[in-house]
Amino acid sequence: MVRNSFLHLEMEMNKSTSEPSAILLVEDNPDDEELTIAALKNSGITNRVVVARDGREALDFLFRKGIFALRDITTEPRLVLLDLKLPTISGMEVLMALRAHNETRFLPVVILTTSNQEEDILGSYKLGANSFMRKPVGFAKFSEAIKQLGTYWLLLNELPAQTSSACPA
């Protein structure tokens, strides 16, 4: 897979809905990135996937800074899959920044990690994670977990209106 230095992957698999439907995958491990994308495809999840490889890139994308200052509104994520162990800015710091801004404080964030540390689980929920999922070993189990995750967060879950005026600080 060819890797660019900034927006590493954007797969536009389906634009049949006018609702923002991107998934932001924040993952620094190329093998885990490919496994997650394969599991999403295998599960029939057709949302666009945007990948950020570190915490700074994720925040720049989410808050339209740096090279993402002019990014198209249609790439607004509906779900963030966030690894904890990231270069530059940790997943916990990304989560803290998301919850500190009205524009992103209700954006669903699922921690997707190999960590089994209780302090990571507790810290994630304290900072406002919506879910914490340990990456299962084995592609079949991982695909099934991703399918369930996608069904809930992308199809069943209802989000509040995402306007600053509707989200008092």
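This is a predicted model: local features need pLDDT of at least 70, side-chain atom pairs count only at pLDDT 80 or more; totals for chains, interfaces and linings use all residues.
Which residue does K135 meet in a salt bridge? The partner is D32, and the N to O distance between the two side chains is 3.0 Å. D32 belongs to helix α1, residues 30-42, while K135 sits in the loop between β6 (131-134) and α5 (139-156), so this contact ties together parts of the chain that are 103 residues apart in sequence. D32 also counts as buried, because its relative accessibility of 19% falls under the 20% cut-off.

Let me now turn to E33. Its salt bridge is with R53, and the closest N and O atoms are 2.7 Å apart. E33 lies in helix α1 and R53 in the loop between β3 (49-52) and α2 (55-62); the pair therefore ties together parts that are 20 residues apart in sequence. As to accessibility, E33 and R53 are both buried.

One further pair deserves mention. The side chains of R71 and E76 form a salt bridge, at 3.3 Å from N to O. Is R71 buried or exposed? R71 is buried, at a relative accessible area of 12%.

How many salt bridges does the structure hold? There are seven, including the pairs D32 with K135, E33 with R53, and E76 with R71. Thank you for your attention.

Key
Residues are numbered from 1 along each chain as its sequence is written. Side-chain values use heavy atoms; hydrogens and water are left out. A salt bridge is a side-chain nitrogen of Lys or Arg within 4 Å of a carboxyl oxygen of Asp or Glu. Helices (H or I, at least four residues) and strands (E, at least two) are DSSP runs, numbered from the N terminus. Buried means under 20% relative accessible area, exposed over 50%, partly exposed in between (1.4 Å probe, protein chains only).
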